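This report describes selected features of one structure. Please examine the sequence and the model below before reading on.

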Amino acid sequence: MSGIYLHIPFCLSKCAYCGFFSVPSVKHKAAFLEVLRQEIIQRKDYLHGEKVETVYFGGGTPSILTIEELQAIFKVLRDNYEIDPKAEITLEANPDTLSLEYLEGLRSLGVNRLSIGIQSFFDNDLKYLSRKHNAEHAQQCVKMAKDAGFSNISLDLIYGLPTSDAAQWNRNLDLFFEMDIPHLSAYALTLEPNAILTKLIEQGKAAPVNEDDAVRDYEILCRRAAENGYLHYEISNFCKPGMHSRHNASYWFGTPYAGFGSSAHSYDGTSRQWNSASLAGDASSVTRETLTPEQKYNEYVMLRLRTMWGIDLKYLKREMGERFSSYCEQQAQPLIAQGRLSQTREFLYLTDGQMLFADGIAEELFY
Ligand code: SF4
């Protein structure tokens, strides 16, 4: 069992808040795709022939690729890896790149999960974020995705915006729930050091971000998601039962995955590697790191605590030894006494309302 991640670093323009590696131009797209093709072939033994159960196109804006370009990538993938016929195949898309014809093309290639970067259904929010689409098109493209036959759809929304108040955030959520979409990824607006928005705020040219707004919106989000029958399965992710992202969950369950393209990460079960954040970010410019047992434990604790599955103490004992499982249980005791963690016989979970503090709690459990 394994996964494949492909990073497509091109966008139509640069959003003001963006801290990802992405290039607002398609000038080097053909050269990049050739490097990507070679990387997919050269690293075909990385997954040791394991069946691929999830494929994820992230970015950037993967939907900037034409159907023909995507078809060529799928051919190289299928020629070199055993892709499970039931694999979850996700493509991240931005509304400004979508049409019904394009979405039908994606379906015909086998893409069966669509993650759409809506961010907000309100024009004042979208303008603040300098997104290319408007509120009307945000709604239209969800309808188009359904018309094209997609049922496994995820929407991205951003909260904690100075252009929005609690009423507007509630209205964004109303629209999401009315659309009956099975998955939501919601992120607080964060000011990345290299983002245009950060500089604009520093210069007094854009409204500042208030952390209290993000906390308020997150509480609204958690409450309303639960009321509408969504599982809060990871800090930023909510889904109808059974509709979680299988690809993202595989990161939390330690499944090996190969990452191709600029800045993509890979993990083979013991070591991690990542391509450089450049357009030529291929296997020739890779950084490798073999995790020490302590790093492996800390990483497991941090990732799993952020999820509804929690820390599996039996797994810790089996995979990392008594030393780590006992240490974890011992460190957890004061947190359990404070009501921040709860423990069943095999699992340690965050208690209700503690998701927002998951990273700080994980640090208390670190070795
Ligand atoms: S679409 Fe996404 S990756 Fe591209 S610039 Fe905007 S935020 Fe960054």
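## Basis and helix packing

Axes are lines fitted to C-alpha atoms, for helices over the stretch in contact, and angles run from 0 to 180 degrees between N-to-C directions. Helices (H or I, at least four residues) and strands (E, at least two) are DSSP runs, numbered from the N terminus. The model is predicted: local features need pLDDT of at least 70 and side-chain atom pairs count only at pLDDT 80 or more, while totals for chains, interfaces and linings use all residues. Residues are numbered from 1 along each chain as its sequence is written, and side-chain values use heavy atoms, leaving out hydrogens and water.

Helix α1 (residues 29-42) and helix α2 (residues 67-80) have axes that come within 9 Å and cross at roughly 10°. The two helices, α1 and α2, are therefore roughly parallel to each other (angles under 35 degrees count as roughly parallel, over 145 as roughly antiparallel, 65 to 115 as roughly perpendicular and the rest as oblique). Contact means heavy atoms within 4.5 Å; α1 contributes Lys 29, Leu 33, Leu 36, Arg 37, Ile 40 and Ile 41, and α2 contributes Glu 69, Ile 73, Val 76, Leu 77 and Asn 80. By class, this contact of α1 with α2 has seven nonpolar, one polar and three charged residues (Ala, Val, Leu, Ile, Met, Phe, Trp, Tyr, Cys and Pro count as nonpolar, Asp, Glu, Lys and Arg as charged, and the others, Gly among them, as polar).

The axes of helix α10 (residues 293-305) and helix α12 (residues 322-337) come within 11 Å and cross at roughly 45°. That angle makes α10 oblique to α12. Pro 293, Glu 294 and Tyr 297 of α10 meet Arg 323, Phe 324, Tyr 327 and Cys 328 of α12. Five nonpolar, no polar and two charged residues make up the contact of α10 with α12.

Three bridges join β14 to the antiparallel strand β15 (residues 347-350), and Leu 341 stands opposite Leu 350 in β15.

## Backbone details

The peptide bond from Gly 59 to Gly 60 is cis, with omega near 20°. Gly 60 is found in the loop between β2 (52-59) and α2. Gln 119, in strand β4 (residues 113-119), has phi near 70°, a positive value in a residue other than glycine.

Key
Pairing = 2+ DSSP bridges.
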